[in-house]
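Trainee: I would like a close look at one part of this model, its aromatic rings. Please put what you find there in the context of the rest of the chain.

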Amino acid sequence: MLNTRVLKPADSAHSTPLLIKNLLLSGVRYERSQEIVYRDISRYDYATFNQRICRLAGALTAAGVKPGDTVAVMDWDSHRYLECMFAVPMIGAVLHTINIRLSPEQILYTMNHAEDIFVLVNSEFVPIYKAIEAHLTTVTNTILLTDGDDKTADLPGLVGEYEQLLAAQEPSYEFADFDENSVATTFYTTGTTGNPKGVYFTHRQLVLHTLTQAGMMGGLDSVRSFGNRDVYMPITPMFHVHAWGIPYTATLLGTKQVYPGRYEPELLVDLIKKEKVTFSHCVPTILQMVLHAKGAEDFDFGGMKVIIGGSALNRSLYEAAKSKNMHLSAAYGMSETCPLISAGYVNLELEAGSEDERATYRIKAGVPVPMVQARIMAADGSFLPQDGKSQGELVLRAPWLTQAYYREPEKSQELWEHGWMHTGDVATIDEMGFIEIRDRIKDVIKTGGEWISSLELEDLISTCAAVKEVAVVGVPDPQWDERPFALIVAKDGHEMSAKALRDHLKKYVDEGRINKWAVPTQIAVVTEIPKTSVGKLDKKKIRGEIAQWQEAQAPFLSTL
Ligand code: AMP
């Protein structure tokens with residue numbers, strides 16, 4: 001430790017802890033009449049929003065929630081969820097955002113592992129809750145969330161219905177100060193192998209993440225995507241890394257926020273039109289769904305800005321959105337990282353270049369945001385050069401990374417080996433600082449001694465005019481170890497075959513962009529590609545399905 005100068009404060013000085021309650025102060029100060037909207041069901045202003053958070057804090061306290069207790073939520077993206085993101089940690093409790101798209105067995109596992117005590121349950125999830133209730137080991141009470149008129153439900157341990165509980169409370173609440181290192185939120189990774197792992201974030205981490213996100217999104221000229229005159233609507237589930245933390249940033253700024261509830265493509269488009277949404281974020285597959293939804297066909301999105309993360313943004317989606325006047329920009333992060341790590345940026349050098357070159361950079365994982373250190377690490381723990389070519393595992397340091405997996409000491413040790421957080425992603429970093437994700441380590445295709453990036457192949461295949469959606473995985477091959485296999489959804493009125501795909505990829509082989517072993521010799525033309533609980537390509541499931549199809553010689557397989 002360096003022998004730096006640390007001075008003793010005045011006895012009467014107040015040291016302000018970095019607490020979530022302080023994020024709430026400024027939004028209402030700037031724009032007390034700005035709105036929070038929930039579908040076509042409710043809308044209220046920031047002044048009311050603040051009062052509702054106080055009422056919720058009062059209701060939870062009256063129901064017996066104590067500091068340190070874990071309070072879980074099972075809901076779609078709603079104004080009530082937003083209120084929980086503030087009120088629960090503000091009374092010193094821990095918010096568990098349950099991934100309601102996991103299987104009931106996995107939901108049960110996460111609730112017992114997180115030691116949930118109170119659960120807020122949307123009426124739609126009452127059947128799931130009741131199915132697992134007998135096996136819950138720590139839950140004592142429940143609160144019902146409902147949009148319907150029926151304010152009762154056959155829920156074990158029911159304290160009451162959310163709106164009725166709020167109505168019975170005062171619109172003000174004295175929130176105490178406490179240690180900024182207290183845990184504020186927890187949730188579980190959507191990992192496809194083994195049990196989901198619990199990550200957790202403190203008040204200090206969420207505050208620093210929010211301040212950085214606000215500064216980055218509003219302060220970087222070339223990518224300025226979000227300010228308080230924007231209208232924000234998430235299309236990322238709030239259980240997935242707090243909807244990427246953006247509801248906290250929107251609230252800090254006093255931005256109008258629109259919550260769409262359960263994702264129904266047509267309603268999402270309707271809300272974008274009616275509420276004049278100008279900023280959103282989602283994974284690529286969800287954006288595909290929105291762009292193809294009824295009402296979106298000929299709609300001009302009027303310069304709407306959308307951050308794409310969670311999976312690689314490919315060029316064809318970028319262009320498809322642009323043709324509808326929607327501006328995409330990529331960002332990178334993961335559940336373990338709160339999540340913001342890097343985001344698209346166009347520096348002065350790129351600004352002077354061509355539009356084509358700028359687009360190439362906008363779809364990369366981007367440049368690390370302030371406070372983040374990113375390095376490329378070899379398997380032996382040494383660092384590789386930042387030259388845009390050397391590939392290795394991306395490792396990170398930042399103030400807001402989960403410090404461990406909850407109650408998983410061995411996995412935590414692996415996550416933080418050598419004092420850097422391991423992402424499990426193969427990446428390069430170039431001289432300008434741009435990160436390019438080449439693949440998940442476990443998804444890289446090893447064929448004939450070559451390593452092929454499934455993400456790069458997906459990107460190149462996506463530019464084929466007949467392709468609507470694509471996923472590439474490695475399948476076992478007795479001679480070459482693995483061979484790439486493409487799963488393709490063709491655009492309406494188009495056909496696709498292994499030969500047509502080879503013809504499409506030929507120019508990239510000739511240019512030396514990919515080697516000839518990267519060209520899939522067998523493809524499957526399907527109507528849908530399996531997705532994970534957060535809408536990403538589910539490569540584990542895809543591999544399993546391909547093995548079955550190959551064995552059964554399914555008719556939709558096309559071979560060279
Ligand atoms: P999750 O923890 O479910 O959010 O998944 C995180 C993983 O998503 C990362 O480790 C990456 O493999 C992937 N990912 C996130 N953002 C990007 C991006 N911009 N490009 C490529 N992969 C991404």
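Mentor: What follows starts with the rings and then moves to other sites.

The model is predicted, so to speak: local features need pLDDT of at least 70, side-chain atom pairs count only at pLDDT 80 or more, and totals for chains, interfaces and linings use all residues. Residues are numbered from 1 along each chain as its sequence is written, and side-chain values use heavy atoms, with hydrogens and water left out.

Rings of Phe, Tyr and Trp (for Trp, the six-membered ring) are paired if their centres lie within 6.5 Å; planes under 30 degrees apart are called stacked, those over 60 edge-to-face, and the rest tilted. On that rule there are 16 aromatic pairs. In one of them, Phe-299 and Phe-301, the ring centres are 4.8 Å apart and the planes stand at 75°, so this pair is edge-to-face. For accessibility, buried means under 20% relative accessible area, exposed means over 50%, and partly exposed is in between (1.4 Å probe, protein chains only). Phe-299 is partly exposed at 23%, whereas Phe-301 is buried at 4%.

Tyr-361 and Phe-434 are also edge-to-face, because their ring centres are 4.7 Å apart and their planes are at 70°. This pair links distant parts of the chain, 73 residues apart: Tyr-361 belongs to helix H14 (residues 355-362), and Phe-434 to the loop between strand S19 (421-429) and strand S20 (435-440). Helices (H or I, at least four residues) and strands (E, at least two) are DSSP runs, numbered from the N terminus. Tyr-361 and Phe-434 are both buried.

Tyr-44, Tyr-46, Phe-49, Phe-86 and Tyr-248 make up one aromatic cluster. Thr-210 lies in helix H7 (residues 203-219) and is buried, with a relative accessible area of 1%.

Two rings carry a charge over the face, which requires NZ of Lys or CZ of Arg within 6 Å of the ring centre and within 35 degrees of the ring normal. The charged end of Arg-375 is placed over the ring of Phe-383, 3.9 Å from its centre. Lys-446 lies over the face of Trp-451, 5.4 Å from the ring centre.

The buried residues of H12 (residues 315-323) are Arg-315, Leu-317, Tyr-318 and Ala-321. Seen down the helix axis, these residues fall within an arc of 165°, so they line one face of H12; the arc is taken from the directions from the helix axis to the C-beta atoms. Besides H14, they pack against helix H11 (284-291), strand S14 (326-333) and helix H16 (454-462). After H12 comes Asn-325, with a positive phi near 65°.

His-242, in helix H8 (residues 241-244), likewise has a positive phi, near 50°, and it is buried at 1% relative accessible area. Lys-276 has a positive phi of about 60°; this residue is in the loop between helix H10 (265-274) and strand S12 (279-282) and is exposed at 60%. Most residues other than glycine have a negative phi, and most peptide bonds are trans. The bond joining Cys-338 and Pro-339 is cis, with omega about 10°. Pro-339 sits in the loop between S14 and strand S15 (340-343).

Around the ligand there are 15 residues, the closest being Ala-331, Ser-335, Asp-425, Arg-440 and Lys-536; a residue counts as near if one of its heavy atoms lies within 4 Å of the molecule. Ligand oxygen atoms come to 3.0 Å from a side-chain N or O atom of His-240, to 2.8 Å from one of Ser-335, and to 2.7 Å from one of Lys-536.

Terms used. Contact means heavy atoms within 4.5 Å. A polar contact is a pair of N or O atoms within 3.5 Å; within protein, one must be able to donate a hydrogen and the other to accept it, and residues adjacent in sequence count only if both atoms are side-chain atoms.
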